[in-house]
Amino acid sequence: MNYSVKKIGQILNATTQIDSKIVTGVSFDSRKVKSGDLFVALVAENDGHDYVQQALTKGATAVLVDDRHQIDSKIPAIIVSDTLLALQQLGEYRRHQINPKVVAITGSNGKTTTKDMTSAIMGSQYKTFKTPENFNNEIGVPLTLLTMPDDTEVLVVELGMDRPGQLTTLSELVSPDIAIITMIGEAHIEFFKTRENIAKAKLEITKGLKSQGTLLIPYDEPLLTNAQVKQNVQTFGQNIKDINSSSSKTIFTYQNTRFAIPLLGRYNIMNALAAISAGILLHIELKNAAEALQHFDLTKNRTEQLTTSHGVNLISDVYNSNPTAVAVVLATLKIIPATHKYVVLGDMLELGEQAASLHACLAETVINANVDGVYLVGPLMNKYLYPILQRRFDSAHLHQYETDQLAELIKDLQTLGENGDVILLKASHGIHLENVVNALVK
């Protein structure tokens with residue numbers, strides 16, 4: 001972006017002061033401000049207005065502040081009634097100014113991996129930009145819009161959701177040409193109570209979907225396939241042939257084209273097919289899509305495949321977790337060829353009053369995975385799953401840890417397994433198993 005303070009004021013219909021300054025970036029974290037940035041003083045747990053001077057010292061060109069705070073008249077500023085709303089309005093302006101084709105992705109699981117795959121496919125023929133990291137909420141989405149390059153032809157944007165109405169706001173903000181729902185799981189069921197309510201909230205992605213746009217949904221999810229949607233709807237996931245998996249990749253045939261993705265599991269085939277389907281809608285040749293998926297950049301902690309110092313293979317999926325996600329990743333572990341397999345499961349968070357039953361119901365899935373050892377982390381796993389697994393595993397093969405015992409877990413895992421064995425780690429991000437992963441691969 002390259003806007004003057006005066007121009008931003010006009011876009012937002014806002015008061016400005018010292019409006020000749022030029023803004024080339026945007027930040028809401030005063031610690032990460034770069035020279036030329038507009039510092040957005042958001043009001044949340046911390047009031048961004050308390051850090052205006054720090055942002056200016058770091059090199060901010062101007063600040064976006066609200067009219068309830070006093071600001072020195074010598075500071076280049078845009079003054080609005082609501083800084084978050086203004087940030088979103090500025091992002092929406094830039095979305096329409098650059099006017100790329102927009103692919104918006106949501107879902108209970110798989111949206112970040114699908115984002116990465118879709119970006120790789122689109123990048124084979126178009127100048128493509130994608131949501132950085134997991135910037136998928138009311139703050140992250142406008143930041144994505146404001147940081148995309150001027151020559152962006154396709155924007156692949158991830159949209160998160162933890163309450164009703166949130167996806168309506170985000171979808172209307174990005175105005176997608178293509179919308180993807182990866183799957184309906186139990187994420188945030190604490191707030192939504194049922195999968196039906198989660199599906200209804202996910203379908204809010206169509207609120208901003210252009211009238212001639214297309215919604216892509218999995219063929220085997222009746223909560224979506226039976227929904228009434230005004231726009232065009234296409235399904236993905238059918239007509240896959242010749243599936244083969246190794247310890248490092250999954251191979252399949254779709255529309256007479258052979259694909260090889262550096263990920264494990266049928267659920268990642270579904271993610272790939274969602275991305276491929278979006279590519280087809282934008283006229284990507286299948287051979288280009290296949291080549292792009294062989295080696296694409298995967299956002300950290302999304303089903304990463306790593307190796308410990310003594311040759312044990314790690315499957316790290318420690319950013320989010322729910323029963324559906326655990327079931328599919330354990331099904332993947334079951335088919336991986338390895339002499340010994342171990343699983344580390346941390347608590348699944350935000351399950352509300354269903355937490356007890358949903359943790360307990362993992363028992364059959366864990367038992368069917370045919371693993372050699374189970375390591376449980378967190379009060380929910382220990383209270384509800386551990387007692388059931390005790391009936392099938394002895395104390396040498398079933399272990400439990402509290403969330404403040406990660407050091408003990410690391411110590412136990414560091415000597416676990418031999419070259420070629422597999423350890424799977426799966427948990428909600430709040431358990432911080434990424435610290436365990438980082439210690440094991442040092």
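At 38% relative accessibility, E408 counts as partly exposed in this predicted model. The residue belongs to helix α16, which spans residues 406–414. Together with E402, D404 and D412, E408 forms a negative surface patch.

Helix α16 also has a buried side, to which L406, L409, I410 and L413 contribute as its buried residues. Viewed down the helix axis, these buried residues fall within an arc of 100 degrees, so they line one face of α16. An α-helix has 3.6 residues a turn, so residues three or four places apart point the same way. On the other side of α16, A407 and K411 are exposed.

Two residues other than glycine were found with positive phi angles. For N99, phi is about 60 degrees. N99 is located in the loop that links α3 (83–98) and β8 (101–106), and its relative accessibility of 47% places N99 in the partly exposed class. For H283, phi is near 65 degrees. This histidine occupies the loop between α10 (266–281) and α11 (286–294). H283 counts as exposed, because its relative accessibility is 62% and the exposed class begins over 50%.

A further loop position is A227, which lies between α9 (222–225) and β13 (232–236). With a relative accessible area of 24%, A227 is partly exposed. A227 and L264 are separated by 37 residues in sequence, and their C-alpha atoms are 30 Å apart in space.

Notes
Residues numbered from 1 in each chain as written. Predicted model: local features only at pLDDT ≥ 70, side-chain atom pairs only at ≥ 80, totals over all residues. Heavy atoms only, no water. Patch = residues over 30% accessible without salt bridge, like charges linked within 9 Å, V, L, I, M, F, W, Y side chains within 5 Å. Areas by Shrake-Rupley, 256 points an atom, 1.4 Å probe, with all protein chains shown as cover. Salt bridge = Lys/Arg side-chain N within 4 Å of Asp/Glu carboxyl O. Lys, Arg positive; Asp, Glu negative; His and termini not counted. Charge placed at Lys NZ, Arg CZ, Asp CG, Glu CD. Helix = DSSP H or I, 4+ residues; strand = E, 2+ residues; numbered from the N terminus. Buried < 20%, exposed > 50% of the residue type's maximum accessible area, 1.4 Å probe, protein only. Arc of directions from axis to C-beta.
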